[in-house]
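This report looks at one helix-to-helix contact and at a set of salt bridges. The model it describes is predicted.

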Amino acid sequence: MASRLTSNQPWKTASNDQGEAAPVHHRDRGLMMIGLFKLGKAIFFFALGIGALHLLHKDLADEMLRLATALKFDPESRVVTLLMEKVDLIDTHRLLQISFATFAYSALALTEGIGLMLEKVWAEYLTLILTISFLPWELYELARHPNWFRLSLLLINLAVLWYLLWLLRRKKNEPQSQVMPRERKESLSA
């Protein structure tokens with residue numbers, strides 16, 4: 001039952017216990033790329049959650065000034081002043097909400113990434129649904145504040161959406177299996 005690779009051409013053929021050739025499953029590169037992208041997002045958002053927890057009982061304005069000086073920004077610049085105003089709006093409760101949201105999104109992206117790497121159909125549908133659900137928000141943000149980053153993010157998500165739709169349609173139209181199960185072969189030959 002368990003398939004193993006033959007020594008002649010390990011990348012092309014495999015055989016089962018009866019010595020019959022078994023089909024070799026090749027990984028879908030598109031799903032692997034999307035899965036790696038999702039795993040990267042999971043790591044990024046997990047790190048953001050850790051960072052938010054790290055700032056819980058600290059003065060965010062002081063931390064912002066330290067970061068601005070470390071990055072060689074002028075503390076009196078417009079950008080730093082604007083960020084200081086926004087940071088003053090974040091309290092401990094909001095920081096906890098931010099960390100919870102980033103951990104939850106990280107777990108979701110991790111689930112998507114692992115499922116796609118393992119080529120699970122449920123992960124393809126999950127990614128499809130989540131990608132579609134974020135498109136209106138991305139379009140709204142792009143229309144409100146157009147920039148290259150938002151446009152790039154939208155184009156990446158549209159490419160993922162197109163690929164998943166194409167892959168799921170292709171899988172739906174393919175025959176379930178080209179190879180007949182052994183039990184069925186035996187019952188037909190008897």
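## Packing of α2 and α3

Helix α2 passes helix α3 in a right-handed crossing, and the contact between them is made by L60, A61, M64, L65 and A68 on the α2 side and by V80, L83, M84 and V87 on the α3 side.

The axes of α2, residues 60–70, and α3, residues 78–87, come within 9 Å and cross at roughly 155°; because angles over 145 degrees count as roughly antiparallel, α2 is roughly antiparallel to α3.

Five salt bridges are found in a search of the whole structure. One of them joins the side chains of K171 and E124, with an N to O distance of 2.6 Å; since K171 lies in helix α6 (residues 148–173) and E124 in helix α5 (residues 121–144), the pair ties together parts that are 47 residues apart in sequence. K171 counts as partly exposed, at 31% relative accessibility, whereas E124, at 0%, counts as buried.

## The network around E141

E141, R144 and R150 are linked in a network of salt bridges. The closest N and O atoms are 3.7 Å apart in the bridge between R144 and E141, and 3.4 Å apart in the bridge between E141 and R150. R144 and E141 are three residues apart in helix α5, and are therefore separated by about one helical turn.

Conventions: Residues numbered from 1 in each chain as written. Predicted model: local features only at pLDDT ≥ 70, side-chain atom pairs only at ≥ 80, totals over all residues. Heavy atoms only, no water. Axes fitted to C-alpha atoms, helices over the stretch in contact; angles between N-to-C directions. Helix = DSSP H or I, 4+ residues; strand = E, 2+ residues; numbered from the N terminus. Parallel < 35°, antiparallel > 145°, perpendicular 65-115°, else oblique. Left-handed = near helix turned anticlockwise from the far one by under 90°. Contact = heavy atoms within 4.5 Å. Salt bridge = Lys/Arg side-chain N within 4 Å of Asp/Glu carboxyl O. Buried < 20%, exposed > 50% of the residue type's maximum accessible area, 1.4 Å probe, protein only.
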